[in-house]
Amino acid sequence: MNCEECHEREASLHFTKIINGEKTEFHICEHCAKEKGEFLPGSNSFSIHQLLSGLLHGDGHVPNTPSSNFIPPSLSCEKCGMSYYQFAKIGRFGCDNCYKAFESKLNPIFKRVHGGNTLHAGKIPLRAGSSIQEKKQLQQLKQALQQYILNEEFEKAAETRDVIREIEHRLQQGRDT
Amino acid sequence: MSLERFISDAISPWMKREGPESDIVLSSRVRLARNIHQYVFPIAADKESAHEVISAISTCMSEENEEAEKLEMLMMETLKPVQKRVLVEKHLISPNLAEQAKYGAVLMNADESVSIMVNEEDHIRIQCLAPGFQLEEVLHRANEIDDFIEKNVDYAFDERRGYLTSCPTNVGTGLRASVMMHLPALVLSKKMSRIIPAINQLGLAVRGIYGEGTEAQGNIFQISNQMTLGKSEEDIMEDLAGVVTQVIQQERAARQQLQDGLKLQLEDKLFRSLGTLENCRIIQSKEAAKCLSDVRLGIDLEILPGISKTILNELMILTQPGFLQQYAGEVLTPEERDIRRATLIRERIKLENR
């Protein structure tokens with residue numbers, strides 16, 4: 001079949017459009033398709049988000065209990081206003097808080113996209129990272145403090161309490177600046 | 001403008017250097033996706049917040065930089081479509097930034113080996129390129145820039161999920177590493193169709209030269225990691241490098257086999273392609289890419305001596321529609337482009353024979 005545009009080259013692209021039950025077909029060659037479309041290289045591809053959106057809607061594949069599978073229409077992010085339905089449709093988060101807002105839904109998605117992984121194992125930013133380290137230290141110290149109090153080791157408890165206050169103070173300052 | 005001058009302007013300076021394994025690996029690339037905590041992602045951003053992101057990054061990058069590297073910033077709104085297209089063809093920006101990003105911008109260094117896209121899908125996308133097979137070096141470079149930006153910006157980061165990105169496929173490290181490979185012998189010996197599924201099974205993607213969904217023009221393939229969560233940057237790079245090393249060996253073996261078994265047929269094919277490029281008057285990009293791939297193979301196998309190695313890299317980019325139109329200084333129809341393309345290739349090869 002010849003291309004309907006140039007009538008010279010072999011038609012390699014075949015389009016079928018169905019609008020309100022009315023079917024139209026056209027057949028053109030790659031060369032003319034490019035001219036018609038004027039697309040940038042790579043931009044005409046089936047987007048990853050369309051694929052992803054399919055995955056997100058396919059929540060049911062995961063052996064979930066029906067109750068955890070239910071998405072309340074009100075599930076949305078308070079920072080950017082994106083609802084879970086919107087997220088599932090476009091396959092993209094609207095802001096960093098969406099990760100918190102949709103937390104309960106994310107593990108199955110990450111597992112599917114990242115080969116079963118759900119937790120980060122790579123780089124930690126230098127500045128934000130130091131506060132993460134301190135938060136972990138803080139948790140450990142608080143546990144130790146409880147232990148000292150239980151054991152009635154009050155001197156050690158007082159020392160630990162001072163260290164905790166110091167770190168908390170530092171974290172607070174870091175947040176303010 | 002003279003052709004020599006146009007070529008030297010059109011080809012990114014980093015491409016003129018030769019890297020390791022450059023007979024097969026054309027270039028290595030790393031991209032890091034980052035977002036700023038205080039702003040919503042570009043997809044949900046209004047004009048005001050998008051402009052704040054741009055100014056936050058431009059102030060941050062204009063600060064004293066230890067390498068004292070100057071980055072030039074271009075705003076997408078101020079560029080003509082053909083200018084944007086040229087940047088895409090040089091791999092300095094993504095098609096997405098050129099076409100869709102509302103308040104997009106890009107910062108580039110002088111030799112174009114570093115480009116930072118602003119307000120693409122994520123606030124910040126740091127991209128580093130290098131010739132040949134040098135993944136470690138490009139990751140190191142990208143990390144330095146990442147650390148530099150982080151001094152002045154609060155990244156969207158979560159202890160459990162890592163760097164938070166707009167698309168769930170980038171969360172974690174935000175790292176996409178890719179290697180552009182010229183694999184004519186594997187294609188010719190029909191081994192590529194078996195290799196691609198094997199690579200896919202290892203969690204890596206194989207694509208054409210311009211990324212997602214594009215055809216492998218001129219036997220050029222891009223291999224990249226898919227997973228970004230649950231593995232460290234080093235492990236991701238190691239897995240990719242391991243596969244690339246194996247593909248290099250396979251391609252070398254296939255080239256050897258062709259030379260041993262089908263030397264005359266191979267020579268015939270390669271010389272014919274050179275003849276086509278030297279004599280064509282009208283040529284479509286697909287045929288041009290095929291012939292350029294043959295000529296490059298001929299250079300690497302020392303069948304076609306006296307032609308510079310960079311000819312494939314150069315002409316693959318120069319014969320793209322954006323560059324042809326920029327060289328012509330006007331918008332061209334596909335037919336006009338095919339004529340211009342033929343002229344440009346012939347003139348470029350003449351430069352070699354001088």
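**View 1. The interface between chain A and chain B.** In this predicted model, 51 residues of chain A are in contact with 59 residues of chain B, and the two chains bury about 4,600 Å² between them, with 56% of that area on carbon and sulfur atoms. Across the interface of chain A and chain B there are 20 residue pairs in polar contact, counting pairs in which both residues are at pLDDT 80 or more. On the side of chain A that touches chain B, at least two residues each come from α1 (30–37), α2 (48–57), α4 (84–90), α6 (103–113) and α7 (126–150) of chain A. The residues on this side of chain A divide into 23 nonpolar, 15 polar and 13 charged.

**View 2. A salt bridge between D146(B) and K123(A).** Six salt bridges are found across the interface of chain A and chain B. In one salt bridge the side chain of K123(A) meets that of D146(B), with a distance of 2.7 Å from N to O.

View 3. R29(B) is found in strand β1, which covers residues 25–34 of chain B, and with a relative accessible area of 21% R29(B) is partly exposed. Leaving aside residues up to four places away in sequence, R29(B) touches a set of residues that includes C128(B), L129(B), L135(B), R176(B), A177(B), S178(B) and Q222(B).

**View 4. Aromatic rings around F102(A).** Over all chains the count comes to eight aromatic pairs. The pair of Y84(A) and F102(A) is edge-to-face, because the ring centres are 5.4 Å apart and the planes stand at 80 degrees. Since Y84(A) lies in helix α4 of chain A and F102(A) in the loop between α5 (98–101) and α6 of chain A, this pair ties together parts that are 18 residues apart in sequence. Y84(A) is buried, with a relative accessible area of 2%, and F102(A) is buried at 0%. F102(A) also forms a stacked pair with F87(A), at 5.6 Å centre to centre and with 20 degrees between the planes. F87(A), which lies in helix α4 of chain A, counts as buried at 0% relative accessibility. Y84(A), F87(A) and F102(A) are among the residues of one aromatic cluster, which also includes F93(A), Y99(A) and F110(A).

Key: Residues numbered from 1 in each chain as written. Chains lettered and ligands numbered in written order. Predicted model: local features only at pLDDT ≥ 70, side-chain atom pairs only at ≥ 80, totals over all residues. Heavy atoms only, no water. Contact = heavy atoms within 4.5 Å. Buried area = accessible area lost by both parts, 1.4 Å probe. Salt bridge = Lys/Arg side-chain N within 4 Å of Asp/Glu carboxyl O. Polar contact = N/O pair within 3.5 Å; in protein donor to acceptor, adjacent residues only side chain to side chain. Helix = DSSP H or I, 4+ residues; strand = E, 2+ residues; numbered from the N terminus. Nonpolar A, V, L, I, M, F, W, Y, C, P; charged D, E, K, R; others polar. Buried < 20%, exposed > 50% of the residue type's maximum accessible area, 1.4 Å probe, protein only. Phe/Tyr/Trp six-rings, centres within 6.5 Å; stacked < 30°, edge-to-face > 60°.
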